[in-house]
Amino acid sequence: MAIKINWFKLNRSLHRDIGYFCIGLTLIFAISGIALNHVDDWNPNYQVTQQRHFIPDINTKIDNDDFESWLLSELKLDTSVKARFWESPKKYKIFTKHNHTLLIDTQKNNVVIEQVTPRFLLKSFNFLHLNEAKSAWTYFSDLYAAMLIYLALSALFMVKGKNGVKSLRGLLVLAGFCVPAAFVIIYSY
Amino acid sequence: MRFLNTALAVILIVTLSLINVAYAERNFGTGADMTQLAKISSILAAPERYMSSPITVEGAIVKVCSKRGCWMELASDKKFQTLRIKVRDGDMVFPMAAMGKVAYATGQLKALELSLEQSKKYLAYLAQENDEQFDVNSVTQTMTIYELSPTGVTIKD
């Protein structure tokens with residue numbers, strides 16, 4: 001006896017379960033998508049803070065052997081120096097082991113303490129979204145994309161009757177194609 | 001069931017957070033080939049000598065592209081001098097948090113011939129960065145800048 005498959009029911013069950021599986025991934029890609037979309041307005045990966053200090057003796061002490069330790073104590077930074085660099089005759093940079101960058105203007109006796117801190121979770125989301133992981137993540141995200149295609153297409157067969165895709169609500173599907181098409185027509189020609 | 005949900009959430013957050021953990025050494029692309037080391041000052045003094053085959057440079061990371069991590073500047077062994085390491089967007093993403101760490105980059109040195117207009121813009125940008133006065137009309141000749149296009153980078157703590 002042939003088994004009769006209820007395609008409508010099977011499609012709904014698959015849509016439901018694949019949908020559950022995709023919740024986490026969709027949130028990760030959507031949140032990082034918003035963050036990365038505005039890369040010109042903010043730094044989506046790092047929080048960069050700056051504090052400016054005026055220290056009158058910098059230009060007289062910069063050639064001293066103990067300049068770096070003196071400066072760290074003046075700035076009340078409990079750390080040590082990782083690297084240093086003369087950017088120009090007036091600008092000296094010190095990098096500390098606690099990820100501070102000290103931007104020293106020897107002419108104006110100014111020090112800007114810049115600290116770069118990775119944004120909690122968001123940096124990881126962006127890491128995945130931009131496929132920095134490469135290797136297996138590339139294939140896994142391809143699979144995720146295939147699942148999204150399935151979710152989109154299977155949605156067409158989820159509901160029958162007056163709220164189905166053959167009703168007026170089908171216009172929403174059409175709108176989903178028209179909006180991106182309009183942007184292409186307006187902005188790419 | 002509630003325990004399962006909590007456990008899954010904790011695993012997810014811990015896993016994603018681990019990506020931010022500091023590495024003692026991090027490789028990009030093939031990683032750097034330490035056998036071909038050349039000094040940045042020597043390269044910039046006679047760049048034509050280094051154009052024919054891949055080279056490796058070493059230096060503290062003093063600037064990183066804040067938007068896409070698509071370039072970083074390595075400090076030369078000589079004062080006021082840097083070499084830019086530039087990749088196509090997304091090929092490698094250099095972390096801003098790596099500033100001050102020592103990086104090794106292996107790749108091809110490239111010459112960028114700037115037009116007079118580009119030379120003026122470039123020098124004006126440098127002057128602005130260094131808070132210096134600059135007369136754009138003082139630039140009368142085109143210039144060439146050099147950058148390394150890497151196939152492998154290693155960043156050490």
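The model is predicted, so local features need pLDDT of at least 70, side-chain atom pairs count only at pLDDT 80 or more, and totals for chains, interfaces and linings use all residues. Residues are numbered from 1 along each chain as its sequence is written, chains are lettered from A and ligands numbered from 1 in the order in which they are written, and side-chain values use heavy atoms, without hydrogens and water.

Me: What makes Glu87(A) and Lys93(A) a salt bridge?
Reply: The term asks for a side-chain nitrogen of Lys or Arg within 4 Å of a carboxyl oxygen of Asp or Glu. Here the closest N and O atoms are 3.3 Å apart, so the pair meets that rule.

Me: How many salt bridges does the rule give over all chains?
Reply: The count is eight.

Me: Why is Glu87(A) called buried?
Reply: Buried means under 20% relative accessible area, exposed over 50%, and partly exposed in between (1.4 Å probe, protein chains only). Glu87(A) has 18%, so it counts as buried.

Me: What are the accessibility classes of Arg88(B) and Asp91(B)?
Reply: Arg88(B) is exposed at 62%, whereas Asp91(B) is partly exposed at 37%. Their closest N and O atoms are 3.2 Å apart, and they form a salt bridge.
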